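Thanks, everyone. I'll keep this brief. Please have a look at the model on the screen.

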2 protein chains.
Amino acid sequence: MNAYIETNIESTSTILRALSNEHRLRIMMWIMDPEAHFSPQKDGDLVKDGVCVGFITEKIGLTQPTVTSHMKVLAKAGLVTSKPIKNWVFYKPQRANFKTALASLNDMLG
Amino acid sequence: MNAYIETNIESTSTILRALSNEHRLRIMMWIMDPEAHFSPQKDGDLVKDGVCVGFITEKIGLTQPTVTSHMKVLAKAGLVTSKPIKNWVFYKPQRANFKTALASLNDMLG
DNA sequence: GATCAATATAGATGAATGCCTATATAGAAA
DNA sequence: TTTCTATATAGGCATTCATCTATATTGATC
């Protein structure tokens with residue numbers, strides 16, 4: 001078989017699985033346009049640094065460990081990166097990887 | 001909240017979940033371009049009617065009930081429709097719904 | 001009408017998911 | 001160095017998913 005297509009199917013399905021959960025889809029939507037959905041943070045810029053776990057937790061109404069677990073799924077799929085500042089952790093979208101996934105979907109199914 | 005966005009999140013995540021399984025993603029890829037992946041069928045046109053369950057089952061190497069179950073997931077997500085001819089059932093992509101999902105993803109995250 | 005062929009349904013099982021509470025860790029501040 | 005705060009980890013539990021075997025259904029054919 002075609003190794004390129006196979007690798008592509010694997011990573012694409014990982015990304016789709018990450019986004020297939022309503023909470024995670026909502027979270028991605030929020031952090032893609034953080035200034036529209038969160039108020040400014042003290043120790044990290046919403047756009048430059050990302051959104052902290054606490055803000056997401058409060059907004060989505062799940063417990064903090066559950067949110068951390070969702071963020072890890074997004075991170076493993078390559079959709080976000082995390083950066084610790086003081087004792088916060090800020091999550092920021094990886095737009096390029098999202099765009100690549102959309103393009104793959106289009107290649108494969110479009 | 002915005003009912004439009006909420007409905008959208010629900011149906012989009014349903015479609016993403018349907019496509020997040022590697023087998024289903026592969027099947028969708030095949031039936032989107034059926035002539036590239038299957039040989040002609042006796043009682044149904046690959047493009048006009050769709051691909052029969054038996055062909056998919058043989059190509060993917062799972063059992064027939066498992067394939068039927070996958071096809072039902074795709075159908076529930078609105079990604080395929082089925083049409084019985086004689087005692088075959090042909091599955092055909094619903095391109096418009098797929099395109100809509102891609103567009104929603106772009107709206108929400110792009 | 002009996003048989004064959006293609007698909008669907010039923011039911012079981014193991015693995016993965018999503019959620020929680022309780023606790024650990026690590027940096028900041030007192 | 002004790003305490004506070006933000007996040008991570010551990011572990012348990014219920015639900016959903018992916019798969020199989022066995023069987024039912026339905027149309028075609030003999």
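Predicted model: local features only at pLDDT ≥ 70, side-chain atom pairs only at ≥ 80, totals over all residues.

How do the two chains relate? Now the interface. Of the interface residues of chain B, 100% are also interface residues in chain A, so the copies meet through the same surface.

Next, helix H6 of chain B, residues 95-109. It has 15 residues and spans 21 Å from first C-alpha to last, close to the 21 Å expected. Which of its residues are buried? They are B:Phe98, B:Ala101, B:Leu102, B:Ser104, B:Leu105, B:Met108 and B:Leu109. These cover an arc of only 155° around the axis, so they sit on the same side of H6(B). On the other side, B:Ala96, B:Lys99 and B:Asp107 are exposed. What covers the buried residues? The cover includes H1, H2 and H6 of chain A, along with H1 and H2 of chain B.

Now salt bridges. In chain A, A:Arg26 and A:Glu22 pair at 3.6 Å, N to O. They are 4 residues apart in helix H2, so about one helical turn separates them. A:Arg26 is buried at 13% relative accessible area, while A:Glu22 is partly exposed at 29%. In chain B, B:Glu22 and B:Arg26 form a salt bridge at 3.9 Å.

Last one. A:Lys48 bridges to A:Asp49 at 3.3 Å. A:Lys48 is exposed, at 55%; A:Asp49 is buried, at 6%. A:Lys83 joins these two in a network of salt bridges.

Terms used: Residues numbered from 1 in each chain as written. Chains lettered and ligands numbered in written order. Heavy atoms only, no water. Helix = DSSP H or I, 4+ residues; strand = E, 2+ residues; numbered from the N terminus. Expected span 1.5 Å × (residues − 1). Buried < 20%, exposed > 50% of the residue type's maximum accessible area, 1.4 Å probe, protein only. Arc of directions from axis to C-beta. Contact = heavy atoms within 4.5 Å. Salt bridge = Lys/Arg side-chain N within 4 Å of Asp/Glu carboxyl O.
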